[in-house]
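User: I am new to this structure. Please walk me through some of its features in short steps.
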Amino acid sequence: VKAGASAPRVREVIMTNEGWTLVAEGFADARGPACNAKGEVFFADPGADKVYRLGLDGKAAVFLANADHASAVSVGPKGEVYTVSPTTGTVRCCDESGASRVVAEGVPGRYVLARPDGTLFITGPAETSTAGSRLWHVKEGRATVVASGLKRATGLAYRPDQWLLSVADGDSKWVYSFQIKDDDTLTHQERFFWLHVPDWEDDAGAESICYAQEGQMLVATRLGIQICADDGPTQGILPVPDRARVIGVCLGGADQNTLFAFCGNKVWKRSVKLHGIGA
């Protein structure tokens, strides 16, 4: 049995003559990736308490050996790597050598997003059992809650024009949209991207997300990487070869057109027609 050519909208994204390639395996829990301007991809492995750097040669090397059990990373405008830890509540900034400094404390974040102005958005758990997940804005070491109400806020990314912020709800089938105001507060919170789930479920298991220069948003879900159009609908789903749950997604590589899928113990890649927006 041979695979078909896929739907037209999927062919606008994938290279039809190329498939997935296994990059690396044997991790405890590879997740929370981000790409720098060179195309190198950094990702967390909280189970092993490490942060890895996936080089342009396709090899994964330890970047941080003691990473505070960081659950995700983000790359800033100068190539600095930010980490967040739900265990310690510490936000760190690391230079190219891996030397780190504390940016903020008391922020038990799940995912972090560095912005070109040096500030951060961070998703984290609810303060009480009855409240929704929190979304923090961190500026000059101070963390301020700018949104709440999601069941379990997970991955987040901004559009290439940096006008809208998307935040995944890991316990539903939605990715929320916010408008970023000039003072870094958020407004117009709404459920916008409707992810696909089996008929008997209401939880897509969305984790990390990223945007392409071309405007599509990519979401790591239980069914694979879901590709959402700028106006909301899911246009296609790319499962990995072993049909594992995808936890992390990132566009990187030398030309920013390599799609990486992180599945806990494995990392896959494939060439696509989309391009990452970098840091």
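User: Does Phe 43 count as buried or exposed, and what is the reason? Which class does Phe 43 fall into?
Analyst: The model is predicted. Phe 43 has a relative accessibility of 1%. Buried means under 20%, so Phe 43 counts as buried.

User: And Phe 262: buried or exposed?
Analyst: The relative accessibility of Phe 262 is 0%. The cut-off for buried is under 20%. Phe 262 therefore counts as buried.

User: How are the rings of Phe 43 and Phe 262 arranged as a pair?
Analyst: The structure holds seven aromatic pairs. In the one formed by Phe 43 and Phe 262, the ring centres are 5.0 Å apart and the planes stand at 50°. Planes under 30 degrees apart would count as stacked and over 60 as edge-to-face. The pair is therefore tilted.

User: How many residues apart are Phe 43 and Phe 262?
Analyst: Phe 43 sits in strand E2, residues 41–45. Phe 262 sits in strand E22, residues 258–262. The pair links distant parts of the chain, 219 residues apart.

User: Which residues form one aromatic cluster with Phe 43?
Analyst: Phe 43 and Phe 262 both belong to this cluster.

User: Which strands stand at the edges of the open sheet of four strands?
Analyst: The order is E17-E18-E19-E20, with antiparallel pairing. Two strands each have a single partner, so one side of each lacks a neighbour in the sheet. These are E17 (209–211) and E20 (234–238).

Terms used: Residues are numbered from 1 along each chain as its sequence is written. This is a predicted model: local features need pLDDT of at least 70, side-chain atom pairs count only at pLDDT 80 or more; totals for chains, interfaces and linings use all residues. Side-chain values use heavy atoms; hydrogens and water are left out. Rings of Phe, Tyr and Trp (its six-membered ring) pair if their centres lie within 6.5 Å; planes under 30 degrees apart count as stacked, over 60 as edge-to-face and the rest as tilted. Buried means under 20% relative accessible area, exposed over 50%, partly exposed in between (1.4 Å probe, protein chains only). Two strands pair if DSSP finds at least two bridges between them.
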